[in-house]
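Please open the model in your viewer and keep the sequence panel beside it. The tour below goes from one selection to the next and says what is to be found at each stop.

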Amino acid sequence: MTTLSPENSLSARQSASFILVKRKPPIDKTEWDSFFDENGHLAKSRDFICVNILERGLHPFVRTEAWKFLTGYFSWQSSQDERLTVDSMRRKNYKALCQMYEKIQPLLENLHRNFIETRNNIARDIQKLYDKDPLGNVLIDKKRLEKILLLSYVCNMQAEYQQGFHEMVMLFQLMVEHDHEIFWLFQFFLQKTEHSCVINIGVGKNLDMLSTLITFLDPMFAEHLKGKGAGAVQSLFPWFCFCFQRAFKSFDDVWRLWEVLLTGKPCRNFQVLVAYSMLQMVREQVLQESMGGDDILLACNNLIDLDADELISAACVVYAELIQKDVPQTLKDFFL
């Protein structure tokens, strides 16, 4: 067992402290622009900006630009001119990938059975999306989404297509204007979050660490879950696969949580602390009714219309509590 450093303890207390006072307004365009000098170089530290994003969030008018830094689309050290060059390069690279895909598509159809199955799955998932707002205004272009998802599947075999990606890419389409931006932001988002929402890469690890965290912080609850079988926690995999987006009351809440995950504040793999905080919301009900796996999953699925700021605050408190303890090395390695 090892105790985390005083520096990390201080950081966590600062991260959690914003729940005790009225949250400051989100970073608006005027304030965001003040973070840069006349050449477009950062005049504030990356850490300063990320802590402010954790504690306050981003105004919708700032989100598009800020996310390009948070995901790695743009370097934090870049100037305005360099960013224009990078964006042009990403546009050209995306166009080249599209041309490559068009050339190899017949080959994929003939030689790769998984390609046709995946293409059908993508088309089926896309059709389920609501593409209009309550007033009938078109929100998304389903054909564009389908093209981007297919290209992502072909170019990123490490993260095979899975249900949920269509909803994630839809949110990127609602945020940015151009297809090359949607494509690259999605790729960088997966990388920046260490593929934590990908079934064959990060989801299993998240669930294992969630079980370890429950055992460490809440042994009584852990014993109950253990008595109901190993599937009680494992059944919560949709939270990670969909990156919690179905638990919130608005797209803004989803973006709010995602941008915190991208900051790496207050720690790595913050999504597991978020899941722990959500599970604590149903803890008393689970214990009182002696719920098993299916009932626990049903109770967790009923956690909808959540407020992102409240959930982030709760997860920060868990982190502050965690680092005050004699933490197992497995948890230390995972969160730091």
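Begin by selecting helix 10 (residues 199–217) together with helix 11 (residues 219–227), which pack at an angle of about 130° with their axes 5 Å apart; helices here are DSSP runs of H or I of at least four residues, and strands runs of E of at least two, numbered from the N terminus. Axes are lines fitted to C-alpha atoms, for helices over the stretch in contact, and angles run from 0 to 180 degrees between N-to-C directions. Helix 10 and helix 11 are therefore oblique to each other, since angles under 35 degrees count as roughly parallel, over 145 as roughly antiparallel, 65 to 115 as roughly perpendicular and the rest as oblique. Show side chains for I214, T215, F216 and L217 of helix 10 and for P219, F221, A222 and L225 of helix 11, which make the contact (heavy atoms within 4.5 Å).

Before moving on, note that this is a predicted model, in which local features need pLDDT of at least 70 and side-chain atom pairs count only at pLDDT 80 or more, while totals for chains, interfaces and linings use all residues. Residues are numbered from 1 along each chain as its sequence is written, and side-chain values use heavy atoms, with hydrogens and water left out.

Next, select helix 6 (residues 113–128) and colour F115, T118, I122, D125 and I126, which are buried (buried means under 20% relative accessible area, exposed over 50% and partly exposed in between, with a 1.4 Å probe and protein chains only). Seen down the axis of helix 6, these buried residues fall within an arc of 100°, so they line one face of the helix; the arc is that of the directions from the helix axis to the C-beta atoms.

Now go to the loop between helix 14 (251–263) and helix 15 (270–281), where P266 lies and is joined to K265 by a cis peptide bond with omega about -5°. N269 is found in the loop between helix 14 and helix 15; N269 has a positive phi of about 55° although it is not a glycine, and it counts as buried at 9% relative accessibility.

Finish at C243, in the loop between helix 13 (237–241) and helix 14, where phi is near 50° and the relative accessible area is 4%.
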